[in-house]
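Colleague: I am new to this structure and would like to learn how to read it feature by feature. Could you show me what we are looking at and then take me through the terms as they come up?

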Amino acid sequence: MKGEPDFLQNLRAEIGSGRHWLDRVTVLVYAVLAGLAVVALTVLADAATAFYNGLRQLAWWAPLVWTPAVTASVVWAVRRWAPGAGGSGVPQVLVALDPATPIAARSRFVSLKVSIAKVLAVSGAQLAGLSVGRQGPSVQVAAGVMLHARRWLSPGSGISDRELLVAGGAAGIAAAFNTPLGGIVFAIEELSRRITERSSGLMLTAIVIAGLVAVSAFGNLSTFGRVSTAGVSWWALLGPGLLVAIACGLIGGLLSRLMLASFRGTPDRFCAYRRKRPVAFAALCGLVVGVIAVVSGGSAVGVGHEHTRALLDAGGDATAAHQPLVFTFLKFTASWLSAWAGVPGGVFGPSLSLGAGVAADVAWLLGSPHGTALIALGMCALLAAVTQAPITAMIIVMEMTEGHSMVLSLIACALLASLVSRMISRPLYSTMAQLMMRPLREPADEGASAPR
């Protein structure tokens with residue numbers, strides 16, 4: 001039959017095409033470098049967090065001075081030397097992926113220089129003790145590294161800049177969470193809905209390799225251990241799980257809406273002061289976060305993984321790990337103010353911690369004996385509510401907790417929480433990307449409307 005593949009001819013073409021093999025090796029080498037960049041970010045951020053915790057234990061009042069000072073310094077340095085390194089990192093990659101973005105302007109958002117600045121800036125935010133994560137920034141860091149491979153690829157490689165950015169961003173998620181499957185789903189659901197058939201296998205291989213680099217560095221261990229659901233029936237989780245999903249959807253949607261309002265700016269005196277004196281405003285936000293650190297004993301600041309592990313180890317007993325309801329309010333406030341301050345940092349990590357706190361509070365209020373399972377559902381639900389990417393949230397939490405037996409419960413909570421969040425807020429990352437695109441489009445619009 002005509003049109004069927006010719007095995008021998010295709011084999012000769014593959015073997016004889018040395019340049020194509022060189023291009024493939026180049027992409028895979030850069031995938032390793034992208035994974036190493038995320039590993040470096042992880043090591044520096046963890047070291048910064050450890051230093052902050054030691055300083056906080058040395059003097060209870062240290063966050064009141066240290067946090068505002070370091071926050072202001074980070075914001076000043078980013079605005080002075082690397083404006084593109086601010087924010088989460090995911091919207092910047094979406095801007096670079098937008099076909100309307102001029103090629104000359106792409107380096108403002110994604111480049112090797114921006115990746116290096118992002119690593120240092122996020123480590124500085126962790127050093128300040130702010131409620132920010134490193135997973136979102138890992139997307140921008142890895143994407144900048146992968147895009148640098150373009151200069152070594154041949155014109156006929158068939159690998160576009162878009163595919164390099166998608167593979168790099170997804171590799172960042174895979175390496176940051178130790179979840180290669182989560183990175184692949186993130187690439188499909190959030191970054192791009194199409195990868196050309198010719199290079200899809202190569203891009204997926206690059207994502208997996210970056211994830212394996214992180215696994216080699218930190219071990220093939222789930223971040224929060226194995227969540228045991230033995231003896232927990234589906235009906236036992238139905239009522240509490242439904243309440244967790246709705247509560248996380250409301251809280252995540254509100255947090256997303258506040259972050260968008262803070263990013264866009266509103267006609268109030270706070271946003272006006274932020275526009276006029278951004279460094280001083282960052283110091284004020286840092287001062288409030290410092291107060292929260294003192295009040296909560298440090299549990300409501302930082303990424304929050306330690307607090308989540310404590311809740312899981314306590315079997316979901318909220319009173320044994322934190323103050324019910326109080327932690328949720330303080331973590332919510334700290335995460336919002338950290339983003340409003342303008343420091344580089346992600347929302348993935350704080351969302352997981354906040355979702356765990358909400359679920360523990362629900363288990364405490366209802367007296368449910370299944371607090372551990374509800375915490376896993378809460379982590380998934382709030383991450384889905386903030387990002388409005390339910391499949392990615394489900395895969396990430398499933399891999400981080402080895403909760404394969406809870407797949408149906410996790411996806412149900414993620415879908416419901418994402419639906420509730422969409423009723424409150426527009427999608428966080430895509431809306432931020434649209435706002436970032438406005439200054440790039442305005443000159444073209446003015447030129448088109450100007451008289452000849």
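Modeller: Let us start with the term for the elements: helices (H or I, at least four residues) and strands (E, at least two) are DSSP runs, numbered from the N terminus. This is a predicted model, in which local features need pLDDT of at least 70 and side-chain atom pairs count only at pLDDT 80 or more, while totals for chains, interfaces and linings use all residues. Residues are numbered from 1 along each chain as its sequence is written, and side-chain values use heavy atoms, with hydrogens and water left out.

Colleague: How many helices and strands does the protein have?

Modeller: The protein has 21 helices and zero strands. The loop between α15 (318-321) and α16 (326-340) holds L325, a residue whose phi is positive, about 70°, although L325 is not a glycine. A second case is Q388, in the loop between α18 (371-387) and α19 (390-401), where phi is near 55°, again a positive value in a residue other than glycine.

Colleague: Is Q388 buried or exposed, and how should I read such words?

Modeller: Buried means under 20% relative accessible area, exposed over 50%, and partly exposed in between, with a 1.4 Å probe and protein chains only; the accessible areas themselves come from the Shrake-Rupley method, and for residues only the protein chains shown count as cover. Q388, with a relative accessible area of 6%, is therefore buried, whereas L325, at 46% relative accessibility, counts as partly exposed. Of the 452 residues of the protein, 56% count as buried, and the protein exposes about 19,700 Å², of which carbon and sulfur atoms supply 65%.

Colleague: Which residues is L330 in contact with, leaving aside its neighbours within four places in sequence?

Modeller: Contact means heavy atoms within 4.5 Å, and by that rule L330 is in contact with I292, V295, S296 and A300 once those neighbours are set aside. L330 is found in helix α16 and is buried, with a relative accessible area of 11%. The C-alpha atoms of L330 and S296 are separated by 7.7 Å, although the two residues are 34 apart along the chain. For the protein, among contacts between residues at least 6 apart in sequence, 82% join residues at least 24 apart.

Colleague: What should I look for in a salt bridge, and how many are there?

Modeller: Side chains of opposite charge can pair when their charged atoms come close. The rule asks for a side-chain nitrogen of Lys or Arg within 4 Å of a carboxyl oxygen of Asp or Glu, and the count comes to two salt bridges. In one, R106 pairs with D161, the closest N and O atoms being 2.9 Å apart; because R106 lies in helix α5 (residues 103-106) and D161 in helix α8 (residues 161-177), the pair ties together parts that are 55 residues apart in sequence. D161 also forms a salt bridge with R150, with the closest N and O atoms 2.7 Å apart, and salt bridges that share partners join R106, R150 and D161 into one network. R106 is buried, with a relative accessible area of 14%, while D161, at 23% relative accessibility, counts as partly exposed, and R150, at 25%, counts as partly exposed.

Conventions:
Areas by Shrake-Rupley, 256 points an atom, 1.4 Å probe, with all protein chains shown as cover.
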